[in-house]
Structures are given as C-alpha cells and as structure tokens.
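User: Please take a close look at the aromatic rings in this model. I want the pairs, their geometry and their surroundings.

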Amino acid sequence: MKKNKNILFMIYLLLFSIMFTACVPRREIDRLIFVRAVGVDKAEDKDEVKLTVASRRDGASKSPGKQQTSERKTFLFSEGKTVFDANRNFLNYAEKDIFWGHTEYIFLGETAARDDVLKYLDFFIRNHENRLDTSIAVVKGTTASELFKGFGTELVHERMSNLYENVGGLSESKEIQLSEFIEKLNSKYSCAYIPYVYIFKKAESMEIGDIEKEIDIVLDGFAIFRGSKLVDFLKGKKARGLNWITGDVKSGIIDVIDSKGNNIALEIIESDVIIKTKVIGETPYIDVKVRVNSNIGELSGKLDIFNKDSITKLEIQQSEIVKNEVESVVKFAKQNDVDILGFGDKIFHQHPVKWEAIKDNWEEVFPEVSVNVEVESKISRVYNIGKPIRYWEEKEK
C-alpha cells in the first residue's frame, strides 16, 4: 500500500512539473540581444521617447580555408510614445529580441532629465527583466544617443566601468544605482541626485589600438533634481563637499602651502562624518562634524616642515579647506531649495515627534536651517622619505 502511494506521488509530481514547464515561454539564447547600456532621450520635435541600446554579439567571418567567429558591436535606435512602446518598436527591424536583464548602465539625456525623469524610468523599474542595481547617470549638454554614436565601435559601458573604478581617487562623484535614485525621488522631504557625464571633444583624434577616437567621456559631478526634474549640476570641490556630508569621500588631494608659500599635496586616506540635529521649538539646528586623515604626498619646496608646529599649521589649513567645501554645498542646497544633504531625514530619525510639527513646511524651513560645520584634521605619515631633499639649503624664518 505504501509502495503504491509513493508511485502515485511520483506520477503527480511528474505531471505537475510538465504542466508548469509547458506554460513558461522559452527564449533561446542565440535569439536575444543582451543590452549592456541604454540611452534614454526625449525625441526631437515630438513628445516621444528615443531609446539607444548598445550590445555585443558574435558574427561569422570567413577567412580562406576556415570559418571564424568574430565579435561585433551593435547599436540600435527606436522611438515610441513611451519607453515600453519604443522597446517593442525594436521588433520592426531588429533580427533578435531585446533582453534587458544584463543592463548595467542607463544614460539620460539632459533634455529628458529636465522634462520629467519618472516618465522615462518607470519601465526600467516595473519591467520584470530589468535590474534595480543598474547604474544611472545624466549626459550633460547633449543626448544619450549622441554619446553612444560618438563612441563608435567602443562600447560606452566599458568606459564607464573604468571611470567608476577610479572615482574614489578624486571623490568628486560616485556611482549611484537605480534603486537608490528612485528611493530618493520617492521622498517627500529629500531631493535626489545622480552622477553626470559629458562628452569631451579632442582637438585631434587619438589612436588607441585600432580604434580612432575623437571624443571621450568625463565623469564630473552630480546632476541635482527637485522633485522629478533636473534643476542644476554640482561639480568639482562642491561635489566633493556633498560627499563629505554623505560619508563618501574615499581619497583625493588637498593642496596646502608651507610658510614660504610652497605647495604641499596631502592625500586623503580616511574620513568619516557625524551629523547631529536638535530642534528647539520648531527651529532645527544641524551640527556636521567631519574627521579627515591624510598623508603628505608631495612637497614642492625645500623647507623642513616635519615638526609639530608646522604640521599643526598644515592641519589647520586642511580643516579650513574641508570646511569651505562642506559649507559651499550647504549654501548651494539652500539657495536652490534642494535638500540633497538628507537633513530632513536626519531630523525625522533623530526627533520623530518634533519632526511632525515642521515636516509640512520643510521646503520653507530648510533654507533657513542653521548648519554648524566642524572639521577635525590629522596628518599621519610622509611615505618613503621624511625631510625634503636638500632641506639644509632653506630654513624657516
């Protein structure tokens, strides 16, 4: 009896598997175009969406006596009333189906970002094939399509991967994923930002291997959004100021001078930030404390600065420079009424009861918030050598 029950169970299990397997549509791998990067733009002269996709695929190439397989780069363009519509319109001429599950980068043209970014991103959030850990960036000054076409046979995602690997060396930008960006866009009190790139046109083409490139990509800073629309760009030391506040400074150079005016390059090796808030009545106050540790990476003079008094003076300069960077981005945020600093969220988490009294007026309150910035600096090491070469030729007066 028990044996018969086991046999029946196995039969049911087999039938169950066959039934549900038959319901799943199959897509053969050789019938797919695997998208690695996509450009999203507002179509020219009409209220439609333009998609540009870049991918790799194998193609057969014949040589005398044998057949070889070579790798081809693919660029496809499509337009439609929506992103989903444009996606389906690829079927009008693409020899294979578009598969979004391998997409690594989304590039938004500046016009689309200023229009309303949500209308161009909903497909990438809602569609089951897409990944929410896809990186996203704005293309400043032009369209994403122009960026793709300008790169010719080299794929944009390869270049972006290299740029993001090196982004911590300056700490003036950072990689942001689609899920993080959408979370910020969905906040009633914080404003979102993502990195931006722009096309650098070279005066003369440069040969790189067998590829002749006339443009390159520069990863510069952050594109700032109010609500779901791009309003401005943050670059250089202001962008690093934002990373100081969010705790995303990994490395970078801080330039100070000795008592004779010679340049000294300090390399950031460690940093962290503590943000504390208090609410008195209905008035919030923010205290930002940044701690930065650096090494002396280069001296341009012969002055021996390796004594306590000289190092202390350099640490004071470093503190002032970092403080100015932080205060510059606070000023920018207040002037543009964009809480990219996350102060509203900090007050909510640290004072949830008092936050209830000010949350509805946060847009009016934020520009008037008192922000106190304090920087604690330390210079730790000097790398391979201590005193400057021929330091005896110059003495501090």
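Analyst: Trp355 and Trp362 are both buried (under 20% relative accessible area with a 1.4 Å probe, protein chains only; over 50% is exposed, and partly exposed lies in between). This is a predicted model, where local features need pLDDT of at least 70, side-chain atom pairs need 80 or more, and totals for chains, interfaces and linings use all residues. Numbering runs from 1 along each chain as its sequence is written, and side-chain values use heavy atoms, without hydrogens or water.

Across the whole structure, a search gives 14 aromatic pairs. Rings of Phe, Tyr and Trp (its six-membered ring) pair if their centres lie within 6.5 Å; planes under 30 degrees apart are stacked, over 60 edge-to-face, and the rest tilted. Tyr196 and Phe233 have ring centres 4.8 Å apart and planes at 65°, so they pair edge-to-face. Tyr196 belongs to strand 7 (residues 193-208) and Phe233 to strand 9 (residues 229-235), so the pair ties together parts 37 residues apart in sequence. Strands here are DSSP runs (E, at least two residues), numbered from the N terminus. Both Tyr196 and Phe233 are buried. For Trp355 and Trp362, the centres are 5.4 Å apart and the planes at 65°, so this pair is edge-to-face.

Phe233 has a charged neighbour too. The charged end of Lys140 sits over the Phe233 ring, 4.9 Å from its centre (NZ of Lys or CZ of Arg within 6 Å of the ring centre and within 35 degrees of the ring normal). Lys278 places its charged end over the ring of Tyr285, 5.9 Å from the centre. Elsewhere, Phe84, Trp100, Phe123 and Phe124 make up one aromatic cluster.

Notes:
Helix = DSSP H or I, 4+ residues; strand = E, 2+ residues; numbered from the N terminus.
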